Amino acid sequence: MPKIIRLFFLAIPCVFARDSYYFLFFSKEIVVKNYTYPLSHQVYTAEQVRELDRLAMASGSSGLSLMIRAGQFMFDSIRQSRPNAKSLLIFCGVGNNAGDGYIIARLALEADMIVQVVQLGGSLQGDALLAQTEYFSQGGKYETFDFTKKYTAEIIVDALLGTGLSRNVEGEWAKAIAAINACSTSAYITAVDIPSGLNATTGALMGDAVIADETVTFVARKCGLYTGKARDYVGKLRFSDLAIADSIKQQFKQTISKKKYYLLDHTINLPKRKATAHKGSYGHVLFIGGTVGMSGSIRMAAEAALTVGAGLITVLTHPSHAAWLSLNRPELMVNGIESPNELLPYLHRANVIAIGPGLGTDQWGRELFNACLATEHDKIIDADGLNLLSHLSISRDNWVLTPHSGEAARLLGVTAQAIEMDRYYAAIKIQQHYSGYCILKGAGSLITDGKQIAISTLGNPGMATAGMGDVLTGIIAGLRAQGMTLQTAARLGVTLHAKAADLAVAEKGERGLFATELYPYLRTLVN
């Protein structure tokens, strides 16, 4: 029976420096040099952002001054996105987001725009009240929300709910969100800081959320804007740190958790090959998988490894199709294998194993998987390899696990819905239980070693097609074979995979993308 691991969705402190792919050769491995980047590249929980706000105000920056900067930046962004728009409709709640909304409203009045403000909730307080009062002094007015009314404007601003949301939206708040979304075909919708209804730390949908064309976020980047469901709601993302002093940022960094989250640096900077290199210089990957009826999976993975530069590829697959698997890809060395007793000669030649694509979970696949676990090779484990692993209680430091949310759910003994409620937490829990490196695939893929989480901002819905995961497995295995550390191979592999898909989609569109269409783009990117 699979083990059950209780998954509690807690806020995880988020922060961490980006790293670029600069390589130095030591002991036949490529080592990543880590660099610390500014606050603008790091990602934080809602709680941490509030702490940064507090430090800024304690140092002498008033809440109102930060609010004015936020409102001005937001208004400038709106004008840049829709320079010819004449009408603006702002939905305001009762927190600081509402204050930003009233500043935007005042600036729009001064620009001779037609301005409507719809107010929800009770009376405003503090800085938000001051911003509202200044709007009134310019002749501005507001109306209370009427869920029976059909609202229209060229631009709609969501200033309802901010980063403090901790429970599902309901009542008039849910109706207001629905009213905003109902305008999506005729209006440009922009959200202040975060679309109302999204959890700022996890990106989970809190009942319902505003579907924004653009989100303008302030002070620090929020974890909840970059992964999972958030990718359907955030739209184009803009950011301003509101000119918070560097001294405050440094003080802030000293107060936060050591667990660090950051946006993955998508720089690709591979070292030039030596003129004297030969195929043995770039590693030998052993691919194991492809049970009856699943030969395509293991072949796609193997071809991807070749495409990114691995020197030699051996494929061990089911005897039923081994003879023809390499007919139009003779560069692959393909062998049929009946039992794990036949593995030994192939293990001696390989320096990394990729197992799982098309492996199956029957006796053939299970025995091969268990035999591989007994070896000391670095491993990339995907698909049925992960499904088989979910029944075992083992951990290794030298493997990369690449689950999507369904496979992640099996690894943790929960539901896929639970995984998507807090992808950061799920990725960390998988790594903590199985060790090594975990790549939680999906919109905003996450890569973690348990201490740091890198968030990919590349990729597109066209990748939701058969074989994409197999190609990623092959890319990572091919990079590791060439001497990169597992961590570097995982991070660069995710970048290459997503960037190749983005290039393919830019040329031909999202629908109908084949996983194998990534190959020519991959080859261009690695060169």
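**Stop one: an edge of the sheet**

Select Gln119 first, then look across to β6, where Thr144 is its bridge partner. You're in a predicted model, where local features need pLDDT of at least 70, side-chain atom pairs count only at pLDDT 80 or more, and totals for chains, interfaces and linings use all residues. Numbering starts from 1 along each chain as its sequence is written, and side-chain values use heavy atoms, with hydrogens and water left out.

Now colour strand β5 (residues 114-119) and β6: they run parallel, joined by 2 bridges. Strands here are DSSP runs of E, at least two residues, and helices are runs of H or I, at least four residues, numbered from the N terminus. Two strands count as paired if DSSP finds at least two bridges between them.

Zoom out to take in the open sheet, 7 strands with parallel pairing in the order β6-β5-β4-β7-β8-β9-β11. Which strands are at the edges? They are β6 (143-144) and β11 (236-240), each of which pairs on one side only.

**Stop two: between the domains**

Colour 46-257 as domain 1 and 280-526 as domain 2; these bounds come from an automatic or database domain assignment. Their C-alpha centres lie 41 Å apart.

Next, show the contacts (heavy atoms within 4.5 Å): 8 residues of domain 1 touch 13 residues of domain 2. The two domains bury about 850 Å² between them, 58% of it on carbon and sulfur atoms. Buried area here is the accessible area (1.4 Å probe) that two parts lose on being put together, summed over both. On the domain 1 side, select Thr202, Thr227 and Arg231, which lose the most area to domain 2, together 52% of what that side buries.

**Stop three: around β16**

Jump to strand β16 (residues 352-355) and show side chains: Val352 and Ala354 point one way, Ile353 and Ile355 the other, and all are buried, meaning under 20% relative accessible area (1.4 Å probe, protein chains only).

Pick out strand β13 (residues 284-288), which pairs with β16 in the parallel sense over 4 bridges; Val285 has Val352 as its bridge partner. Strand β17 (residues 378-381) also pairs with β16, parallel over 4 bridges, and there Ala354 partners Ile380. Finally, trace the chain from β16 through helix α10 (residues 363-373) to β17: this β-α-β crossover is right-handed, so with the strands pointing away from you, the path from the first strand over the helix to the second runs clockwise.

Key: Buried < 20%, exposed > 50% of the residue type's maximum accessible area, 1.4 Å probe, protein only.
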